[in-house]
Amino acid sequence: MKKIVAILLFGSLLSCTDHFEELNTDKKSLATVPAESLFNNATERFYHIMNSNSVNYGVFKLYAQYQAQTTYPDESQYNMVTRNISANWFSRVYRDGLNDLKEAKRLLEAEETNAATAPIQKNKLAIITINEVQMYSTLVDLFGNVPYSTALDFENPSPSYDDAKTIYYDLFSKLDQAISDIDVNSAGFSAKNDLINQGDVAMWKKAANSLKLRLAMRIADTDPATAKTMAEAAVTSGVFSELSDDLSMEYITSAPYTNPAYEDFVLSGRTDFVAANTIVDVMNGYNDPRRSAFFSNNLDGEYVGGTYGTTNSYPNSTQVGSYLQTATSPGILISCSEVEFLRAEAAARGFNVGGTAEELYNKAVATSIMEWGGSQEDVDAYLAQEGVAYSADDWKQQLGTQKWISLFYSGGIEGWTTWRLFDFTGFNVPDGLEYSDIPSRLLYPTNEATLNGTSYDAAAAAIGGDTKQTKIFWDVN
């Protein structure tokens, strides 16, 4: 009898346990997050910080001297510490971007495939790799040496910092493999899970080659032979070549998927930024037809930039144009005009990329003007001007300046990087500072010194000191 009672009691307990487990199981939440959703989130978070105008991380339109500040000019005076700008970049790119891509890749690799699904899986993995390359190369471009080989390991809270050049060359190999793996005749991510190319695999291949061309020209001063091989291969394989070609995030009218600059210029209700006198004065000097697209007509046809590096009057300074104040404006990271400028630079260095330096320079300028609504008449008049018409004797100054102008809406990092690479003259110096104070990199996050001190100390020593003036390995001029 006791045995029967015990058995009944045990069965009752099992039944209660099962019942409680059922009650405490959230049947509406996913037990695991699909790889496609992780890819979607990683790219959205990365493009958000790349296109943001927030002074908490999106300071590069200031460093590129496209914009000036109205009330708090700390960032245009190169204060990187007060707002933890660097720490925000580490957390956003490592935690929100690269970590999600790593998990998406793990989930995809664990999926069973057949003859029909294997090419789709391979395309998805290649597309993830392309985005990983873009994220890691951005970190190198900002900081120099960064965690790479031991990054993203939860069991290792103190990752070491890898040599920046070594990271770059490993990224070259990964990008080449991704380009080789892409099958444009098979599908990839669905349109709804691909906010960048809406499932267009052929466009991902173009984007990968365009990124490869950009990275090739990064190392043109330090390793011209490798740069030449990479650049020529990228162009042969197929880079952006049409006005509609670009690498950009598509945005909509509903938060949180609006253009991040729209959040900063419109939804915030603040008036913190105006166009900087640096770029306005240069464009005024050339009677540049893009001014009406880049800037607002708030001063009755006059363009008067705010003084860079100090406070400015918002109503009495030229304001940024409607593009940054529109929710649905794409967040552009690589444009067709940038690719044409990269080809022009390659040709000026003697690389075989399908045209002479002058031909490709003219095409680059024309492409930029037409991207922003200009006409062929605008192009012809602009290129005929002294200082704009191509001159092989001063191609770095000239090409650098024109490329910098064209990158006004590309997040700021590339505009700043163009100045770092070409060292063209024309940037303004804030009062009390010297030209040498214009930064060449971001400082490492301050919390790295306290939470990852040994690795931080080694990294700082390896790059020649954790200072704003320490140059990235490709910046040798």
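**Exercise 1.** Determine which helices each supply at least two residues of the lining of the largest pocket in this predicted model, and characterise that lining.

*Solution.* 
Step 1. Helix H4 (85-110) and helix H17 (446-451) each contribute at least two lining residues.
Step 2. The largest share of the lining, six residues, is drawn from H4.
Step 3. In total, 20 residues line the pocket, and Phe90, Tyr94, Pro157, Pro159 and Glu448 lie nearest its centre.
Step 4. By residue class, the lining comprises 11 nonpolar, six polar and three charged residues.
Step 5. The volume of this pocket is about 580 Å³.

**Exercise 2.** Describe how helix H15 (residues 395-406) is placed relative to helix H16 (residues 413-422).

*Solution.* 
Step 1. Two packed helices are described by the angle and the distance between their axes.
Step 2. The axes of H15 and H16 come within 9 Å and cross at roughly 175°.
Step 3. Angles over 145 degrees count as roughly antiparallel; H15 is therefore roughly antiparallel to H16.
Step 4. On the H15 side, the contact involves Trp395, Lys396, Leu399, Gly400, Lys403 and Trp404, which meet Gly415, Thr418 and Phe422 of H16.
Step 5. The residues of this contact divide into four nonpolar, three polar and two charged.

Technical notes. Residues are numbered from 1 along each chain as its sequence is written. This is a predicted model: local features need pLDDT of at least 70, side-chain atom pairs count only at pLDDT 80 or more; totals for chains, interfaces and linings use all residues. Side-chain values use heavy atoms; hydrogens and water are left out. On a 1 Å grid over the protein atoms alone, a cavity is a set of points where a 1.4 Å probe fits but cannot get out, and a pocket is an open set with protein on both sides within 12 Å along at least five of seven lines; lining residues have an atom within 4 Å of a point. Grid points are joined across faces, edges and corners, and a volume is the space filled by probe spheres set on the points. Helices (H or I, at least four residues) and strands (E, at least two) are DSSP runs, numbered from the N terminus. Ala, Val, Leu, Ile, Met, Phe, Trp, Tyr, Cys and Pro count as nonpolar, Asp, Glu, Lys and Arg as charged, and the others, Gly among them, as polar. Axes are lines fitted to C-alpha atoms, for helices over the stretch in contact, and angles run from 0 to 180 degrees between N-to-C directions. Angles under 35 degrees count as roughly parallel, over 145 as roughly antiparallel, 65 to 115 as roughly perpendicular and the rest as oblique. Contact means heavy atoms within 4.5 Å.
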